[in-house]
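Subject: Structure handover

Hello,

I am passing this structure on to you. Please have it open while you read the notes below.

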Amino acid sequence: MILLTCPNCGQRNVSEFRFGGETVQRPSPTETTRATWAEYLYMRKNVLGVQSEWWYHGACGCWFIAERHTKTQEILETYFLPEK
Amino acid sequence: MWQLIRHGLNGKKPFQRMWRTHTLKDSYDVVIIGGGVHGLAAAYYLARDHGITNVAVLEKRYIGSGGSGRNTTIIRSNYLTPEGVAFYDESVKLYEELSLDLNFNVMFSQRGHLTLAHNDSSVRTMRWRAEVNQIQGVNSRLIYPDEIAKLCPHLDLSDHPRYPILAALYHPPGGIIRHDAVVWGYARGADQRGVHIHQMTEVTGIDVEHGRVAGVQTSRGKIKTGVVLNATAGWCTLIADMAGVRLPITTHPLQATVTEALKPFLDTVIVSGSLHVYVSQSDRGELVMGASIDPYTSYSLDSTLGFLESLSGHMIELFPFLSRVKILRQWAGVCDMTVDYSPIMGYTPVEGFLVDVGWGTYGFKAGPVSGKRMAELIATHKTPELLKPFRLSRFEEGRLVGEKGAASVGH
């Protein structure tokens with residue numbers, strides 16, 4: 001992987017970015033047990049295929065999501081987290 | 001040599017195959033997935049120490065084609081946590097006797113291992129590591145540039161570099177080994193004792209019935225078994241998925257590279273945590289070099305230019321005279337990283353499904369001991385003391401090990 005598209009700045013060299021890990025769903029703080037908390041903190045799908053993951057662009061300070069294939073490194077899509 | 005010429009001319013094969021090929025049996029007592037050093041060592045010690053020989057080792061490609069054939073072969077035990085030191089120290093001791101044990105020369109060269117410190121906080125950490133090591137009986141101490149210069153006069157020990165060398169953690173029993181010989185030796189030893197080694201056999205599914213392992217499906221047919229050991233390093237999440245077990249692991253590529261062959265000049269292993277580089281000179285004269293894992297998760301085995309650029313820059317900072325030396329080849333392996341830089345060994349929520357994973361960038365040096373102790377666990381059903389800190393349930397219990405002596409990773 002050489003280039004990554006920041007939804008704010010466009011295509012840039014991947015060395016400008018920081019990887020933030022695969023996206024995970026945070027459990028509700030009021031219903032959290034030890035098991036669900038450990039699941040959220042540590043357990044990962046670690047897929048071989050298209051992975052939805054966080055990236056941070058140091059130049060503009062934006063966090064965004066990329067859909068990337070973990071073997072071929074093909075990036076299908078990058079976007080900001082949709083506002084609720 | 002005459003023997004070689006004679007056999008070359010008469011067309012006979014003077015040497016026996018190292019291990020036999022077998023047809024896949026319908027059932028085995030133990031199925032080990034992954035034909036690397038961890039899987040083969042477990043099979044070997046199961047057969048040698050516990051008399052369990054109805055064992056199959058399943059390997060997707062060929063023996064030692066994964067991390068066992070891709071690492072930079074450094075063996076050491078100067079880690080930082082007491083759990084880690086105890087574990088790796090037993091591994092070094094097993095490696096010391098391995099050639100004799102396997103009757104196969106694994107070319108273990110205990111040439112000394114230097115971890116350089118480039119700033120005050122690193123010096124403090126090295127001193128801490130030396131103390132932890134010494135208390136546990138591991139030969140390890142802090143040395144300063146005068147002594148470093150005697151061990152490795154080629155290092156730039158002046159105050160000119162951006163990160164001058166202030167001190168080093170010296171670990172005399174550390175060294176390098178012939179990694180292929182280790183896997184071949186274990187495979188041969190296991191085969192001689194009746195273990196079946198199945199290469200080019202990919203696991204496609206794991207049958208779980210009522211929370212218990214019942215069998216394994218492979219590209220060559222089904223196997224019934226009650227015990228499955230997952231020793232598949234970077235691919236371990238994919239295998240665990242088949243059994244429905246969740247693992248706290250992400251897969252990162254780790255690259256390495258060698259230069260063209262040079263005259264022998266480097267007879268120690270040099271590591272710099274701050275510069276993210278480690279180097280040793282192989283018996284062929286090539287400099288074997290590695291750095292840190294790729295900064296994003298991936299199953300790709302591709303080499304990157306970014307890695308080569310940063311590694312070369314750091315190498316030249318340590319050894320300025322290498323600036324004209326050519327790179328011969330570059331490759332990558334995939335590592336199963338855990339958040340606490342420590343492995344996961346032992347039982348999982350699925351009965352009969354065991355893991356020996358999470359070995360990240362430090363798996364090869366621990367092959368013998370984890371094989372031996374996993375074999376003990378499978379045979380006796382009791383978790384050995386050495387393995388207890390590394391159980392899978394530690395994540396839920398909040399008892400992480402936190403091994404900051406691990407290499408190839410930023411802390």
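Leaving aside neighbours within four places in sequence, which residues is Ile32(B) in contact with? They are Gly39(B), Ala42(B), Ala43(B), Val55(B), Ala56(B), Val57(B), Leu229(B) and Ala231(B); contact means C-beta atoms, placed from the backbone, within 7 Å.

This is a predicted model, where local features need pLDDT of at least 70 and side-chain atom pairs count only at pLDDT 80 or more, while totals for chains, interfaces and linings use all residues. Residues are numbered from 1 along each chain as its sequence is written, with chains lettered from A and ligands numbered from 1 in the order in which they are written.

Ile32(B), Ala43(B) and Val55(B) touch the most other members of the largest nonpolar core, which has 116 residues. Such a core is a set of buried Ala, Val, Leu, Ile, Met, Phe, Trp, Tyr and Cys residues joined through C-beta atoms within 7 Å (buried: 20 or more other C-beta atoms within 10 Å of the residue's own). Helix 2 (residues 37-50) of chain B gives the most to this core, 9 residues (helices are DSSP runs of H or I, at least four residues; strands are runs of E, at least two). A second, separate core of 6 residues includes Cys6(A), Phe17(A), Phe64(A) and Ala66(A).

The contact between the chains takes 18 residues from chain B and 13 residues from chain A. On chain B, helix 8 (236-243), strand 13 (250-259) and helix 11 (394-397) each supply at least two residues of the side that touches chain A.

Regards

Technical notes. Buried ≥ 20, exposed ≤ 12 C-beta atoms within 10 Å, placed from the backbone. Contact = placed C-beta atoms within 7 Å.
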